[in-house]
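This briefing is meant to be read beside the coordinates. It goes from whole chains to single residues.

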Amino acid sequence: MNGAPFLRRLIALIRKESRQMLRDRSNLLVGLLLPMGLILLFGYGLSFDVTDAPVAMVLEDNSAVAREAVSGIEGSPYMVPVRVGTMAEAEAMLRSGKVDAIVRVPVDFARRQGQGDARVQLILNGLDTTMATSLEAYVNGAIGTVVQRRMDRGGVVGAGVGNVVLVQRIWFNEAGDSTWYLVPGLVVLIMTLVGAFLTSMLIAREWERGTLEALFVTPVRPLELVLAKIAPYLVVGLIDLAMCIVAARVLFNVPIRGSLLVILAASLLYLIVSLLMGLFISGITRNQFAASQMALLVSFMPALMLSGFVFDLRNVPLVVRIVSQLVPATHFVGVVKTLFLAGTDWAMVLRNGAIMLGYSLVLLTLTWRTLRKRLD
Amino acid sequence: MIDAPPSVVIEGLRKTFSGPDGKPFDAVAGISLSIRPGTLTAFVGPDGAGKTTLMRMMAGLLRPDGGKLSVLGIDLLVDPQSVQNRISYMPQRFGLYEDLSVQENLDLYADLHGVPPAVRAERFSRLLAMTDLASFTQRPAGKLSGGMKQKLGLACTLVRVPDLLLLDEPSVGVDPLSRRDLWRIIEQLIEAEGLSVIASTAYMDEAQRCDQVFVLNRGALLAEGTPAALTARADGLTYVVTPDADVPARDLQARLIDAPGLVVDAVPSGGQVRFIRQPACDDARLKELLHGCDAQPREAELEDAFMLLLHEHEGPAREASVPPPLAAGRADGPIPGDDGAPVILVRDLVRRFGDFTAVANTSFDVRRGEIFGLLGPNGAGKTTTFRMLCGLLPASSGELRVAGVNLRTARAAARARIGYVAQKFSLYSNLTVRENLDFFGGAYGLRGKRRQDRVREIIRQFDLDPSAPSGNLPLGYKQRLAMAAGLLHEPEILFLDEPTSGIDPLARRAFWRTITALSQAGVTIVVTTHFMEEAEYCDRVAIQDAGRLLALGTPREVRARSGTAAGHMNEAFIAIVEQARAAEGHARVAA
């Protein structure tokens with residue numbers, strides 16, 4: 001193939017695709033405004049953190065010792081204690097959702113403390129496990145702080161044997177702020193959205209309007225069509241990526257601990273994968289409605305549910321884990337989270353990068369085949 | 001002409017698709033032909049003849065299932081790209097990018113074909129002048145009229161002189177004026193540039209202009225030759241007969257077409273009936289059929305030869321599919337309920353969409369039992385007028401009474417008395433014929449035994465198979481089912497929107513036969529069509545262009561008004577629209 005005509009045709013096609021993209025307002029809406037909305041929604045509106053959760057306090061032992069033991073809860077920014085007289089009342093409140101947990105200090109607390117095996121009961125609402133897990137940690141922490149303070153004061157805490165105190169730290173996200181892990185995940189979501197969703201219309205629309213038929217009977221080569229369709233959306237994707245990174249750094253103070261260049265390179269690679277995925281779907285369905293539905297099901301939903309963006313993949317059943325490994329987004333989520341919060345882990349970057357490169361080559365070939373310049 | 005190698009050589013070419021019922025059928029069933037370069041060649045045939053499939057195979061878009069195919073001496077099975085580099089192809093839907101401007105569409109195709117910038121300016125200005133698009137270069141292609149889109153589509157295929165130009169039904173769905181303009185451009189280019197053109201068409205007047213004609217039907221090549229040679233096949237078989245003064249031409253035509261043993265084909269034309277007799281027809285019986293009217297021989301036309309070939313090929317099986325005349329023919333008695341008052345009354349009807357006037361100041365009446373035709377190019381306001389008549393679209397101003405009911409105040413009451421057959425048959429393709437009819441019967445308010453009786457009756461009248469899935473029916477039958485559904489509640493008026501578009505000529509004859517029978521039974525019929533010759537079946541027609549009513553009257557009056565009394569309805573239509581446009585031009589200049 002002669003180089004010059006290839007380039008001339010490619011430029012003509014890119015110009016055509018860009019014009020078509022810019023003239024369709026819904027493209028800009030989905031391509032630029034929706035990502036902006038998602039950034040704000042995920043950054044400000046969505047959080048797994050627990051603040052000001054009402055906790056019922058049932059002090060059956062009202063001694064000073066008992067009160068001191070739970071005093072940490074009162075000072076906690078995460079919880080608001082509600083004093084309740086009896087256990088029955090507290091249970092009713094938990095059932096009706098007025099409180100999220102019950103902390104019960106039994107009658108014999110002070111006595112048993114003397115013996116070194118004092119107990120405090122914590123009852124959690126399992127309907128919302130995320131909330132319950134967080135509260136458990138907070139209550140533990142609050143009570144633990146008191147214990148530790150006592151130890152610091154030099155007093156022997158009871159005569160207990162094996163009175164182990166756990167001192168915990170969360171690495172990479174020291175404050176346990178969920179924005180920190182939601183925002184890097186958002187990069188994945190937006191790259192998927194822009195890529196697969198917008199491009200899923202492109203080939204299908206040309207089939208529906210009958211324009212491909214005319215285009216095929218010209219010197220155009222299938223590869224030129226694929227490349228030209230990707231190019232303008234690659235630019236949109238890069239603008240979105242820049243928006244994400246700036247928002248992460250400036251608005252949400254998410255640290256960028258890995259190399260910015262590597263983040264850009266990995267994102268670009270993933271963007272190409274998802275653009276090709278959208279084009280491929282478009283090419284096989286040849287129908288805009290079917291293509292957009294399929295893009296949602298095959299790329300966007302898995303990126304949200306199966307990529308490890310929200311749910312930790314190590315806790316899911318083996319089958320789901322295998323499926324999730326097939327989702328390209330999974331490999332990008334791993335890289336991007338590490339890059340943002342932990343630093344550049346070269347082994348991981350190279351491994352996942354190679355997987356994404358593999359995907360993009362496979363998808364390029366498949367998409368190419370859907371544009372074989374044949375109607376049957 | 002020099003003895004150049006043929007531009008297309010086809011041997012035993014075959015292409016099989018799977019039909020809607022899952023069975024394979026041959027869209028192209030073993031065709032062999034060769035086409036000389038430097039000529040204008042036509043593939044003619046009804047819908048489903050295999051024209052488009054053949055075009056697409058020649059363009060390298062479909063892979064043949066058997067046979068040999070070479071274009072410009074290149075084997076398409078081996079190297080389709082080399083062919084695609086040298087030919088141009090205009091698909092039925094023109095292949096334009098509607099969101100790109102006229103200029104941008106031209107630029108795109110010029111870039112793809114590698115037209116050097118030096119020759120581009122000259123070429124573009126020539127194409128734009130020829131297509132009258134020079135003042136619209138900045139307009140998005142989607143905002144052009146149908147005729148302009150078609151011309152732009154053609155211009156895009158001609159950004160450079162192709163070695164072969166393929167046009168797939170270039171004039172389908174386009175008004176007669178644009179059709180004529182398009183062929184003028186093609187002829188100019190053949191003369192100036194020695195272009196080789198292959199066009200597929202369903203219009204005989206277009207085939208008439210070609211050097212070589214191939215007649216196709218159901219994937220088979222029926223005949224080939226020059227238009228004159230083909231026409232000669234019908235020599236001596238063609239007649240024209242004038243009915244008695246009080247008999248509408250369509251009634252005589254119906255009688256003739258009901259006698260397939262004697263008459264191959266008959267169409268009403270200018271108050272007379274043109275017909276083709278069967279070669280082996282008995283003179284005495286034919287005379288009896290004509291009720292003593294005198295049949296004059298007339299010169300055969302390509303259309304006659306085409307109909308003759310089609311009938312031969314379809315054979316007697318096809319004749320059986322002509323629907324039986326509807327039971328209650330009341331042609332002789334007075335039309336029931338006729339008190340002389342118009343059944344549809346339209347006064348100063350206006351419809352605006354924003355600042356665009358789709359229908360301007362239109363007034364007409366439709367009398368009971370009439371067949372009334374609305375004719376006009378695309379965008380003339382036919383469909384808008386039609387929708388207002390059916391109560392689907394409110395009028396901006398004016399008076400509108402249908403079946404004695406004011407449509408502006410009592411739309412629901414009027415709707416119960418009209419039947420509507422939409423252009424795209426609004427039937428559920430995954431329901432059977434009976435289920436569809438049951439559903440529409442219910443929707444029209446028929447209940448219990450009455451509905452059952454009506455459904456049974458209509459299935460019998462229209463000769464339908466109640467258990468057939470609607471989606472698998474051939475187009476002609478789908479159309480018949482749609483009509484049956486519209487007639488379930490025994491409406492006084494039946495509205496049909498473009499009922500014959502996309503249907504082959506034999507099915508169209510059958511369709512009009514049914515309409516004639518319905519009219520004889522006293523149903524008032526309002527029909528839109530872009531086939532001008534179908535105006536001949538109507539008692540009266542209204543011609544619309546750009547929202548205005550240009551002519552109203554019997555087909556004969558309309559022809560007389562146009563000054564083309566003897567001619568074809570097509571020419572009358574073109575003359576009337578041109579006169580009106582010229583008058584408007586003068587008015588604009590004067591202002």
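This is a predicted model: local features need pLDDT of at least 70, side-chain atom pairs count only at pLDDT 80 or more; totals for chains, interfaces and linings use all residues.

Residues are numbered from 1 along each chain as its sequence is written, while chains are lettered from A and ligands numbered from 1 in the order in which they are written.

**Chain A overall**

- Chain A holds 16 helices and four strands; helices (H or I, at least four residues) and strands (E, at least two) are DSSP runs, numbered from the N terminus.
- The radius of gyration of chain A is 28 Å, whereas a compact globule of 376 residues would have a value near 21 Å. The radius of gyration is taken over C-alpha atoms, and the globule rule is 2.2 Å times the number of residues to the power 0.38.
- The C-alpha trace of chain A spans about 90 × 40 × 40 Å along its principal axes.
- In chain A, 39% of the 376 residues count as buried. A residue is buried if 20 or more other C-beta atoms lie within 10 Å of its own, exposed if 12 or fewer, and partly exposed in between, with C-beta atoms placed from the backbone.
- Of the contacts in chain A between residues at least 6 apart in sequence, 81% join residues at least 24 apart. Two residues are in contact if their C-beta atoms, placed from the backbone, lie within 7 Å.

**Chain B overall**

- Chain B has 19 helices and 24 strands.
- With a radius of gyration of 25 Å, close to the 25 Å that the globule rule gives for 591 residues, chain B is as compact as a globular protein of that length.
- Along the principal axes, the C-alpha trace of chain B spans about 70 × 65 × 50 Å.
- Buried residues account for 48% of the 591 residues in chain B.
- Chain B is assigned domain 1 (38-63 + 77-218), domain 2 (231-319), domain 3 (341-417 + 499-591) and domain 4 (424-490); the bounds come from an automatic or database domain assignment.
- The C-alpha centres of domain 1 and domain 4 of chain B are 40 Å apart.

**Contact between the chains**

- Chain A contributes 23 residues to the contact, and chain B contributes 23 residues.
- On the side of chain A that touches chain B, helix H1 (3-23) and helix H10 (211-216) of chain A each supply at least two residues. H1(A) gives the largest share of that side, eight residues.
- That side of chain A consists of nine nonpolar, four polar and 10 charged residues. Ala, Val, Leu, Ile, Met, Phe, Trp, Tyr, Cys and Pro count as nonpolar, Asp, Glu, Lys and Arg as charged, and the others, Gly among them, as polar.

**Helix H12 of chain A**

- The 26 residues of helix H12 (residues 260-285) of chain A should span 38 Å at 1.5 Å a residue, and the end C-alpha atoms are 37 Å apart, which agrees. The expected span is 1.5 Å times one less than the number of residues.
- H12(A) is largely enclosed by the rest of the structure, because 19 of its 26 residues are buried.
- Arg286(A), which follows H12(A), has a positive phi near 55 degrees.

- All five residues of strand S7 (residues 164-168) of chain B are buried.
- One face of S7(B) carries Leu164(B), Leu166(B) and Asp168(B), the other Leu165(B) and Leu167(B), and all are buried.
- S7(B) pairs in the parallel sense with strand S6 (residues 87-90) of chain B over four bridges; two strands pair if DSSP finds at least two bridges between them.
- Four bridges also join S7(B) to strand S8 (residues 197-201) of chain B, again parallel.
- Leu166(B) is the bridge partner of Tyr89(B), and Ile198(B) in S8(B) is the bridge partner of Leu166(B).
- H5(B) has 11 of its 12 residues buried, so it is largely enclosed by the rest of the structure.
- The buried residues of H5(B) pack against S6, helix H3 (102-112), H4, S7 and helix H6 (176-193) of chain B.

**Positive phi in loops of chain B**

- Most residues other than glycine have a negative phi.
- Asp132(B), not a glycine, has a positive phi of about 60 degrees. Asp132(B) lies in the loop between helix H4 (117-131) and helix H5 (146-157) of chain B, and is partly exposed, with 13 other C-beta atoms within 10 Å.
- Glu490(B) has a positive phi near 50 degrees. Glu490(B) sits in the loop between helix H16 (475-487) and strand S21 (493-497) of chain B, and is partly exposed, with 13 other C-beta atoms within 10 Å.
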